Amino acid sequence: MLETIQALQEGVTVKTVLENLKQREKQFQQGVSFAERGKMIQRLFPDVYASIIEKAEHCLNGFTVLPGSSLPHFIGNPVKWHENIYHYDEYTYQLNRMVHWRTMAEAYSFTGDERYAKKIIEEFYHWIEYCPCQPLYAPDGSLAVEDFGGCKCNQGIWRSLEVGIRMYRTWPYIIHHLIDSGFIDETFLEVYLGSVYQHAQILYLVAPKIWPNADHNHYLMENNGLLYLSCMFPEFRDANIWREHAIHEMERSIEVQVTEGGGQIEGCASYHNGCSYWFALPVLLAGKYGFEMSEHYRERLKKMLEYSVHATRPCGGNSSWGDSSTYSGTLSMGAFSYYLAFQDSSYMKNALCYYSLEDLMRQIADQIWEVPDLQNLAEQLDGIEEKRCLPKEDTISWQKGLKQVFLRTDWSQDAFYVMFGCRTPVQNLHAHMDPAGFEFSAYGRVLLGDPAIYYYKDDENRRHLKSAHWHNCLTLNHEDPWEYRGSWAYGKQKPGDILNAARDGRLIYAVGEHRNYEPAVHRRAVAIVDRKFLAVMDILEHVTPDSSVQINFHMDSHCVMADSEKSFAVSVDPRANVAVYSDKRLKPSLVPAKISTKNDVWHDTMIARFEAEHLSEGRHAFLSVACPAPAGQQAAEVTEVSSELLDDGTVRFGFTVEQCSYELVLSGNVLSLCSDRIEENGKQ
């Protein structure tokens, strides 16, 4: 009791806080109690109601979904906060975010069933007893920053990220939902406030030391936690200081983390969309607690949705660059975050061109209690599938700050689409080892894919998923472009960048270059040609004698055929397929692999690895042509694949597709095309 009182303003008691809190909750809820709000949700969004109730019943019985399993599993009764059944750090982290508490709190507001409230309160006291915070300061009096940065902190339970997430994602909702239940009394609030104060100290003192440059998505969640608790409990002595600090750091974060092109600096689509919510939350809180975010902040937040649109594949799902899940943290999430912040549903109409209404509703269900006007949301969603509309953005987006390019032929679901990136050194360790890598989709599905995330566990699977050998990348001598030290550790990287992105008549293309195989320099051009096929052009300078080169194509099919004599590989799938042809110096081999679509889910795939050995010293060029085919049709055959290096540095690439000869000319960073029809008698 004494510690809690000392954290409050002079003369303020826990009883005073409880009385004030009940009054503020009425203001926060805009005169509509959460029980009344629950009735509105049940009436307006019955599927959301049913989904939450189903999950809450699992939680009541001690079952929830956590990293390591895509199915609900038993977490203990009481919860085994320290038991990591999958030997996976993310399991402990997410268990101690207590998302299952929020689910049960929502169920309480829906039903008034005190079993949910009682279960939360019991688990709260159990957690307080068995998961105490370690000291904030080291024995020498210095701030124990390192103790809050990972698994050192009570097995990760008091990692600063979990501290932040608890304070914005779950703990406030215990108050919001249970304030009138009779379970939020002075005894509970005394313990609750004492722990909240410990959380605040970590977020205010430690988090800025961990992220001094404000350049990571974790820092957004940490400052949202500090902002939320300071708004909810202005009776803390330092509440105003915390709030001003959190607002300042969120303003600084959007300046540092969001490029002029609108992309979050980590360059991972699902994290970008997650950040769109974390940046939207202060705008939402500003409306409820009476403060302002700057106009610059709001405009930069709006810009983020342009990146979200470009990072969406025509066939649905995110471009799975780095640690991006294909089907979580989607455009639907970004679009709904935009609605929360600005009450504008236009991006939800875009999202429904690529995602189902069910996907959008899953995103809405997670945040529906935060919607200021449920009736307006219901009206916006009424008939929204008939109102969906394609984006009006350009079909090329060169994200210069992220060293990424998005290319597409149009905004339809069958469009040809390429994401191409050459970002080295990487921004942070969510990035994979994929310099000058790409992914390619056409005819409604991913054909040459990115392996994505699967999980963060530091094992051989994680190494495969992050390595260049499982990406659509070129490698030399079967080596990684830089040292892989572990799931969250790389060695030094050399420079790389996008040099050009352009449209030139029948070409849409991009050019990138990196130096991670020095002395060799790798330049790659990728081009969608005639809206029919993808040309991949690789130039190597300063190759050391007797080197070997591998050019990997990650086919999103488990069945692939290859022919060494003709130097091609083709997927065999009842859906759309792709055939890759190279010049005959490159011989294909097939390597089993995996692609993940969301956490803890992956499927079998095959890499077509084209290799040439015993390269001579100097300069080399290689051409590969990827020909997609719609379901039920065969890919076009490519012949006469060749490349010619000219003394002035220009490279000519030649090939023939369906009686049409093509010549692509790469001069510096500019690509041009000429082609001639071949008549039946063989004359041009």
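User: What makes the set of 127 residues a nonpolar core, and which residues have the most contacts inside it?

Analyst: In this predicted model, the largest nonpolar core has 127 residues. F45, F233, F279 and M348 have the most contacts inside it. The name applies because a nonpolar core joins buried residues such as Phe and Met through side-chain atoms within 4.5 Å.

User: Which helix gives the most to this core?

Analyst: Helix α12, residues 269-289, with eleven residues.

User: What is F233 in contact with, beyond its neighbours within four places in sequence?

Analyst: The list is V17, L21, R24, I175, Y192, L193, V196 and A239. Contact here means heavy atoms within 4.5 Å.

User: Why is the pair K303 and E306 called a salt bridge?

Analyst: The closest N and O atoms of K303 and E306 are 3.1 Å apart. The cut-off is 4 Å, between a side-chain nitrogen of Lys or Arg and a carboxyl oxygen of Asp or Glu.

User: How are K303 and E306 placed in helix α13?

Analyst: They are three residues apart in helix α13, residues 295-310, and therefore separated by about one helical turn.

User: Is K303 buried, partly exposed or exposed, and how do you know?

Analyst: K303 has 28% relative accessibility. Buried means under 20% and exposed over 50%. K303 falls in between, so it counts as partly exposed. E306, at 24%, is partly exposed too.

User: What makes D573 buried or exposed?

Analyst: Its relative accessible area is 13%. That is under 20%, so D573 is buried. D573 forms a salt bridge with R575, the closest N and O atoms being 2.8 Å apart. R575 has a relative accessible area of 45%, so it is partly exposed.

User: How many salt bridges does a search of the whole structure find?

Analyst: The search finds 29.

User: Which residues does a network of salt bridges link?

Analyst: One such network links E57, D113 and R115.

Definitions and conventions. Residues are numbered from 1 along each chain as its sequence is written. This is a predicted model: local features need pLDDT of at least 70, side-chain atom pairs count only at pLDDT 80 or more; totals for chains, interfaces and linings use all residues. Side-chain values use heavy atoms; hydrogens and water are left out. Buried means under 20% relative accessible area, exposed over 50%, partly exposed in between (1.4 Å probe, protein chains only). Helices (H or I, at least four residues) and strands (E, at least two) are DSSP runs, numbered from the N terminus.
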